[in-house]
Amino acid sequence: MNRRSLLLGASAALTLPVFGAKAQTAQITGAGATFPNPIYQKWAEAARTPTGIQVNYQSVGSGAGINQIRNRTVDFGGTDAPLNAQQLTEANLLQFPTVMGSLVAIVNIPGIAEDQLRLTGPLLADIYLGKITRWNDAQIVALNPGLSLPNLTIAPAYRADGSGTTFVWVSYLSAVSPEFKEKVGVGTSVRFPAGTGARGNEGVAGTVRNVRGAIGYVENAYAITNKLVTTQIRNNAGNFVKPEHKSFMAAASAADWSVPGFAANVIDQAGPESWPIVAPTFILLPTNPTDAARSANVRRFFDWAFTNGSQLAAELEYIPLPESVHNAVRAAWRQSFGA
Amino acid sequence: MSLALSSMSHPGPRKDVATAARLGASRKRTDRIIRTLCLAATIIGLVLLASILITLFYRGFEAMSLRVFTHVTAAPGSEGGLLNAIVGSLIQSLIGTAIGTPIGMLVGTYLAEYAKDSWLGNAVRFVSDILLSAPSILIGLFVYQILVLPFGGFSGWAGIAALAIIVIPIVVRTTEDMLQLIPNTLREAVVGLGAPKWKMIVLICWRAAIAGIITGILLAVARVAGETAPLLFTSLGNNAWSTDLSKPMSSLPVTIYAFAGSPFEDWIALAWAGALLITLGVLSLNILARTLLRSRI
Amino acid sequence: MASVSATPPRAASRRGSSLGDKVFALVCQAAGIFVLILLGALIIELLIAGLPAFRAFGLAFVTSTDWDPVKELFGAGVSIYGTIVTAILAIILAVPLAFGVAFFLTELAPPWMRRPVGTAVELLAAVPSIIYGMWGFFVIAPAFAQHVQPFIIDTFGELPLIGFLFQGPPFGTGLFTAAFILAIMVLPFIAATMRDVFEQVPPVYKESAYGLGATNWEVMKGVVIPYTRISVVGGIMLGLGRALGETMAVTFVIGNANRISTSLFGPGNTIASLVALEFGESEIGSLKLASLLALGFILFVLSFVVLATSRYLLRSRLKV
């Protein structure tokens, strides 16, 4: 709570008057992923005065964002699901990451407190496949010798609306469970064989709050501000880790970013402390912009965000990219657009 | 009724009177039970309305402040309001109604004055009634196909078009109904004076029906102001202050829809404030429309 | 008025006004034809846009219960099922209530009470559907999840034959919750139609029955209902048409599961909610977008049939 009010206080200072001087500002528009929308709004707000750029980002979903940037109806697109090298070349797009986010599992089991329950990826996959249906299932009990788990039906909740959050979650489940990968697969909306959907983070959290025995997945920021009961998850190295800043950072620094389109796989990274469900979100920028000045402003805005925005990202519980990645992205800009 | 008749039609001995009394008692009991159930149904309806309003007031007032009206939507944690959404909703609802109303009035006039029983009139009346109840999300999809896809993007105009399509059949229905209430003797008297028919319609009939037509327009504004589904794929929403109709435009319902599912307390609180605003606006328009209609007819 | 009476009926002005008449009549007719074209264009646009889906899956698109965006398999079966089940369940819940309200308002309530109560019930129809969604999710779903559903699941879930209707975890959302919200939303439409047609029964019929000593209920059962039967069914169909296409309220509580659930408490989909929830994540030119638009076309056909029937049945009311 303390941190929250501090955050409010700090940002109040940044707020601009509504009808503030806009004449000298340059507008750029973007559309796409909903997952990074809060931080993009935050950056836009903070960057307006120092850069003179007004960013209008519409969180329409990754799919619609890709549509719009392909049709060049916006200056940049945002997507949680990275495009592959071939798709990027075909559409003349440069892809770069901006920030990372982490997902946590939340539960509602009587008598279980925050970060007490230990789960593994394959177990989570089996729960969302509908194969494990009781909280006192032998496999769960074996992982949690100290806890008394009730004989309660597991009620998995997922995002009803197509979302980047779902994309990251099923990416993780598919990475750790071949069966999940085959039966469900990866996408911003998938067919879950069990459980119920609810709209938005608020919907999933609300369902978990309402239903005894429910489990859900939300962005870490949401779990923190709403004091939801999170769980430990076993990572690639075999350690149970809690969802906290240090385990997120550990995952981020372990990833290999030297892949086309920076489509690094941060999910289920090696490293003794890595949180397994961390993912970057991406920006798509045309390499043959119709308006070079606007394209330059997009880069100027994200350059500002890389230099000055990490603190704001951390305040909203996003994970800033390592400095080395910022520089690699800047190098890619220079390569595509010149200095 | 059959029961009533059979018990009435037996004249005669005491025994039958006793049976009749017993029958009467059971009839009265049935009647009482059913009347109680009907009262209960009505009370349930009123309780549901009260529950919705209480929830809205309870959650909406918490978030209500001057800021809601003076600031545009902002990032979570920043001081944001709903100004752009409120203004966007007003712009789209009012222009949508302004476009839909004349078309609706002309169609209603056509149906009442020119095509009472012609096949074309019947077809138009039928189609208009279908449009009146057609799922509004389909109107959104339709406008997406004809205005958003071909013209390269979501825009305030697309939202306005979708809302105008919803307005038309509402105005058609009230205009036709109101014109039909005007006695033919009035029409004949005016035409008898030598006035052309169109003047008779515009100056006499429309004027006589004006209260009803305004009611229809108010109801149309109220209806489109609360519509979300047709705007999702047309005007989309806009986080910044924008009155440019060729750009995506914010609206209260779409903002509420987005914020209500978000992970941030202040956004969710704003969604409730917006929900309270829009419901109060829509309900007062409805009550105003009803009062107006009753005071004039 | 003054201007009309001031115009003298001279031949010259007659000719001018007959031109005016023609123009005005034409404009009115054009507006009418515009409405026809609008609906025609709506149907055709949705059909054309959905054509790739029909081409890819054939008529099986309508019956297939697959909806798997990852494997690009699309079928309308689950959402058609959900649309029909929630709408019919909503009608089953709403009709007795609406009848009660209409009966109360026309025969039982003291005259001073009729207008305010009638207005209040009609205001239920004015509340925007997104408000129903929020209310449903934040008020009704928790109540169902914590109190109503656990009780029903424990009581009826184990019964033979009908038990399957009430099994599964008590999510609070799902088909039944959606139907419940829909019922409240269509209640005012059905109640208003019923009240209007009940009021059209000539008082002399009712009075003669009352004169014979009939009770309120006997008059309703013996006189009013037989007299208004067809219009009442028309009003119910109107409510059904509304329930089929309702979008925003349903998206909050339906659960968006792409599978058919036999339990009424299970999650499901309706056409409208699926379109609203998935549209943003569909790329232009993708099979998924075409499938969503094809679903829109199917929804249109469904609503058209129901609304047309309703209108046909209510025609007799207009002629009374």
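Begin with chain A and chain B of this predicted model, and look for salt bridges between the two chains: the count is zero. Polar contacts are present, however, with eight residue pairs in polar contact between chain A and chain B, both residues of each pair at pLDDT 80 or more. On the side of chain A that touches chain B, select helix H1 (2-12), helix H2 (37-51), strand E2 (53-59), helix H9 (200-210) and helix H10 (220-225) of chain A, the elements that give two or more residues to it. Colouring this side by class shows ten nonpolar, 13 polar and seven charged residues.

Next, display both sides of this contact, which takes 30 residues from chain A and 30 residues from chain B. Chain A and chain B bury about 2400 Å² between them, and carbon and sulfur atoms account for 57% of that area.

Now move to chain C and its contact with chain B. Here 86 residues of chain C are in contact with 89 residues of chain B. The buried area between these two chains is about 7900 Å², with 79% of it given by carbon and sulfur atoms.

How many salt bridges are there between chain C and chain B? The count is three. To inspect a salt bridge, select Arg290(B) and Glu122(C), whose side chains meet at 2.4 Å, N to O. Eleven residue pairs, both residues at pLDDT 80 or more, are in polar contact between chain C and chain B. Then select helix H2 (residues 11-57) of chain C, which supplies 22 residues, the largest share of the side of chain C that touches chain B. By class, that side of chain C comprises 61 nonpolar, 17 polar and eight charged residues.

Remain in chain C and select helix H6 (residues 129-156). Its end C-alpha atoms are only 32 Å apart, whereas a straight helix of 28 residues would span 40 Å at 1.5 Å a residue.

For a pair within chain A, select Arg294(A) and Asp75(A), whose side chains form a salt bridge at 3.0 Å, N to O. Arg294(A) belongs to helix H12 (residues 292-308) of chain A, and Asp75(A) to the loop between helix H3 (62-70) and strand E3 (76-79) of chain A, so this pair ties together parts that are 219 residues apart in sequence.

Terms used: Residues are numbered from 1 along each chain as its sequence is written. Chains are lettered from A and ligands numbered from 1 in the order in which they are written. This is a predicted model: local features need pLDDT of at least 70, side-chain atom pairs count only at pLDDT 80 or more; totals for chains, interfaces and linings use all residues. Side-chain values use heavy atoms; hydrogens and water are left out. Contact means heavy atoms within 4.5 Å. Buried area is the accessible area (1.4 Å probe) that two parts lose on being put together, summed over both. A salt bridge is a side-chain nitrogen of Lys or Arg within 4 Å of a carboxyl oxygen of Asp or Glu. A polar contact is a pair of N or O atoms within 3.5 Å; within protein, one must be able to donate a hydrogen and the other to accept it, and residues adjacent in sequence count only if both atoms are side-chain atoms. Helices (H or I, at least four residues) and strands (E, at least two) are DSSP runs, numbered from the N terminus. Ala, Val, Leu, Ile, Met, Phe, Trp, Tyr, Cys and Pro count as nonpolar, Asp, Glu, Lys and Arg as charged, and the others, Gly among them, as polar. The expected span of a helix is 1.5 Å times one less than its number of residues.
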